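Please read the points with the structure open.

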Amino acid sequence: MADSPSADGAEIIEVTFNQQQYVIIEKLKAEGHFGRADEEIIRHIFLEFLRQEGM
Amino acid sequence: MLQYGPLKTEVLLQPVSGKALPVLRGEVIRIIQEEGEQCVDFNAFNLHDYKEYLGVSNTRSRNAFRVKKGDIIWSVSSRDRPMFVILEIAETCRTDLLGGRCRASLFDRRGYGLHTNCQDTLAAAIGEYDLTPDDVHDSLNLWMNTEWDSVGRYFTLQNTGRKGDYVDLLATIDTLSVAAPCGSGDLGWTSNFALRPIRVQVFEASDETLARVKEIERNNTGFKGQRTPEEFKVNKIKPDRELRRNPSYVPEFVNYPITNRSIQVPLSAEEVAKTNKLVAAGLGKDAGEVIRIGVVLWYMRNREPGRRSR
C-alpha cells in the first residue's frame, strides 16, 4: 500500500511483517550495518535485493 | 572411505524374507546385491522408542526425491533427527522416496491371489520385536529405478543393480533396521521379473564412524522442533484403539495468533518504479508485498545458515 506520491515521485510504502517475519528485521538490526530503524533496514535490504536481481 | 569396526552380524535374506537387526550409533549396515537386480525396501526405528522411525517424507523434503552418497536419512517430523548417513552407495543403486511399499491387495486385484509383498514381509520381520503391521512405515527404496513424467505419472524401469553392489548406512542413533527384498519384483521391472536374495552385514562402530556421527550431530541437532516425547503436550501412547475426545484438552498452536506490524518505508521515485516493475511481473500484488517478499528472499539467500540454493 502506498500513500499519495510526492511531486518528485517518491512514495512512502506500507510494508507489513508478521511476528515470525519480523525476526529477520531484528536479526538485521543486531548486525548493525543496515541501519537502526525498521524502515531504514527494510529499505536497505530491499535495495540490496533489487541489486542482486539486476535492477 | 571410513574405516569401520569388525563385522558383527551377517544374514542372507532369501526371497522373500526380511530381518530386523539392531544397528547401533556408529555402526554401519551394508545391504548387498547377492545376485543383482533386486529392489530392497528399508525400514528403521529408534531402538529405544519405536514411535521415532525413518521419515521418508522428511528425508525427501530435506534432500530430493532420491537420496545419494552423503545424504542424511531423517526420522519422522515429530522428532526430526538424523538416523543414518549414506556413506557409500553403488552407482547402480537408484534410490526412491516416492513409491509406496507393495501390499498384497495390489496383486490380488490383478488376479494373482496372495502374493509376496513388502508390507507383509516387513511386518513379519518386525514382529520379532512385538511391532505390529501398523508399525511398518513407508520405505526407503534401494535399487528402485523409478521415473515420473511431466504430469506426475509414476512408473518403474529396469532394475540396474549388479551382483556385489552395496549401500552402506551409518547409524547416527541406535536403530532397529529392517531390510527386505521387495516382493513385487517377479511381476514387473522392479526386480526384472524375478525374486532374488540380498545379503545384510552390520559392522561395529569405529573411532572414524563415531567421529562422523559426532560431526553430524554437531551440525544437525539442537534445533527447535527436534523434540523428545518429554516435550510433547500429549506424550502417552494410547493403549486402546478407539478415539475419544478429551474435553479438557486445550491445544497450543505455535506463535498463535499470528500478528502483523506495519512499517512505513520511504522509496525514491526510481525505487518506486523498480518496485512497480516487480509488481507487474507478478512477484507480489502491490509494492508493500513486493518489498516484504524481497526482504525475506534476500535474507534466505544471504543469511540462512547452510541453505542450499534453489
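**Notes on chain B**

1. Chain B has six helices and 14 strands; helices (H or I, at least four residues) and strands (E, at least two) are DSSP runs, numbered from the N terminus. This is a predicted model, in which local features need pLDDT of at least 70, side-chain atom pairs count only at pLDDT 80 or more, and totals for chains, interfaces and linings use all residues. Residues are numbered from 1 along each chain as its sequence is written, while chains are lettered from A and ligands numbered from 1 in the order in which they are written.

2. Along the principal axes, the C-alpha atoms of chain B fill a box of roughly 75 × 50 × 50 Å. Of the contacts in chain B between residues at least 6 apart in sequence, 73% join residues at least 24 apart; two residues are in contact if their C-beta atoms, placed from the backbone, lie within 7 Å.

3. Six strands of chain B form an open sheet with antiparallel pairing, in the order β1-β13-β3-β11-β7-β6. Two strands pair if DSSP finds at least two bridges between them. The edge strands, β1 (7-13) and β6 (72-74) of chain B, each pair on one side only. Inside the sheet, β3 (residues 28-33) and β13 (residues 198-203) of chain B run antiparallel and are joined by six bridges. B:I31 stands opposite B:V200 of β13(B).

4. Helix α5 (residues 269-281) and helix α6 (residues 287-302) of chain B pack at about 90 degrees, with their axes 9 Å apart. Axes are lines fitted to C-alpha atoms, for helices over the stretch in contact, and angles run from 0 to 180 degrees between N-to-C directions. α5(B) and α6(B) are therefore roughly perpendicular to each other (65 to 115 degrees). On the α5(B) side, the contact is made by B:V272, B:T275, B:N276, B:L278 and B:V279, and on the α6(B) side by B:A287, B:V290 and B:I291.

5. Which chain does chain B touch, and with how many residues? Chain B gives 27 residues to the contact with chain A, and chain A gives 30 residues. On the chain B side, β14 (260-267), α5 and α6 are the elements that give two or more residues. The largest share, ten residues, comes from α6(B).

6. Strand β1 (residues 11-18) of chain A runs antiparallel to β14(B), and eight bridges join the two. In β14(B), B:I263 is the bridge partner of A:V15.

Key:
Angles under 35 degrees count as roughly parallel, over 145 as roughly antiparallel, 65 to 115 as roughly perpendicular and the rest as oblique.
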